[in-house]
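Open the model in your viewer and keep the selection tool at hand. Each stop below says what to select and what is there.

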Amino acid sequence: MAKQEPMDRARDELFSHIHRCGVLQAHVDDQDSWMSDTIEYLAERYPDLGVSELTQLKAVGLQFCKPVISRLKHEEPAEELAVDEGPGESLLGEPREA
């Protein structure tokens, strides 16, 4: 396995922290604060990273926290599907003929 660069390792570790800490569901202000603290932590773990790399890492992390489609603003209640559970009927419908 090829040795990863410090920036790649730091990025992978950041994404792992994002998933484990539940920051994706946090308010934007809390995400920014959390990200600043986490970047400080990563700066200590990866002293070879410069200020520009840490700034880039924070930007990538904040972008990763943004949903592609915001479901909070436009979420509509899902229609419930009625399932007829009559005798002998399968949930997948009638069997196909051979």
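**Stop 1: the aromatic pair**

The model holds one aromatic pair, where rings of Phe, Tyr and Trp (its six-membered ring) pair if their centres lie within 6.5 Å. Select Phe 15 and Phe 64: their rings are stacked, 4.4 Å centre to centre, with 20 degrees between the planes. Planes under 30 degrees apart count as stacked, over 60 as edge-to-face and the rest as tilted. Phe 15 sits in helix H1 and Phe 64 in helix H3, so the pair ties together parts that are 49 residues apart in sequence.

Now colour by accessibility. Phe 15 counts as buried, at 19% relative accessibility. Phe 64 is partly exposed, at 33%. Buried means under 20% relative accessible area, exposed over 50%, and partly exposed in between (1.4 Å probe, protein chains only).

A note on the model before moving on. It is predicted, so local features need pLDDT of at least 70 and side-chain atom pairs count only at pLDDT 80 or more, while totals for chains, interfaces and linings use all residues. Residues are numbered from 1 along each chain as its sequence is written, and side-chain values use heavy atoms, with hydrogens and water left out.

**Stop 2: the whole chain**

Zoom out and switch to cartoon. The protein chain has four helices and zero strands. From the N terminus on, its elements run α-α-α-α. Helices (H or I, at least four residues) and strands (E, at least two) are DSSP runs, numbered from the N terminus.

Of the 98 residues in the protein chain, 21% are buried. Among contacts between residues at least 6 apart in sequence, 64% join residues at least 24 apart. Contact means heavy atoms within 4.5 Å.

**Stop 3: H1 against H3**

Show H1 and H3 together. Their axes come within 10 Å and cross at roughly 35 degrees. Axes are lines fitted to C-alpha atoms, for helices over the stretch in contact, and angles run from 0 to 180 degrees between N-to-C directions. The crossing of H1 and H3 is right-handed. A crossing is left-handed if the near helix is turned anticlockwise from the far one by less than a right angle, and right-handed if clockwise.

Next, show side chains at the contact. On H1, select Met 7, Ala 10, Arg 11, Leu 14, Phe 15, Ile 18 and His 19. On H3, select Glu 53, Gln 56, Leu 57, Val 60, Gly 61, Phe 64 and Cys 65. By class, this contact of H1 with H3 has nine nonpolar, three polar and two charged residues. Ala, Val, Leu, Ile, Met, Phe, Trp, Tyr, Cys and Pro count as nonpolar, Asp, Glu, Lys and Arg as charged, and the others, Gly among them, as polar.

**Stop 4: H1 against H2**

The axes of H1 and H2 come within 11 Å and cross at roughly 140 degrees. The two helices are therefore oblique to each other. Angles under 35 degrees count as roughly parallel, over 145 as roughly antiparallel, 65 to 115 as roughly perpendicular and the rest as oblique. H1 passes H2 in a right-handed crossing.

From H1, pick Ala 10, Glu 13, Leu 14, His 17, Ile 18 and Cys 21. They meet Trp 34, Met 35, Thr 38, Ile 39, Tyr 41, Leu 42 and Arg 45 of H2. Nine of the residues in this contact of H1 with H2 are nonpolar, two polar and two charged.

Which residues does His 17 touch, not counting those up to four places away in sequence? They are Trp 34, Thr 38 and Tyr 41. His 17, in H1, counts as buried at 15% relative accessibility. Move to Thr 38 in H2. Thr 38 is buried too, with a relative accessible area of 9%.

**Stop 5: Arg 9**

Go back to H1 (residues 6-21) and select Arg 9. At 32% relative accessibility, Arg 9 counts as partly exposed. Arg 9 touches Lys 3, Gln 4 and Tyr 46, not counting residues up to four places away in sequence.

**Stop 6: H2 against H3**

Last, show H2 (residues 28-45) with H3 (residues 51-65): they pack at about 140 degrees, with axes 10 Å apart. That makes H2 oblique to H3. H2 passes H3 in a right-handed crossing.
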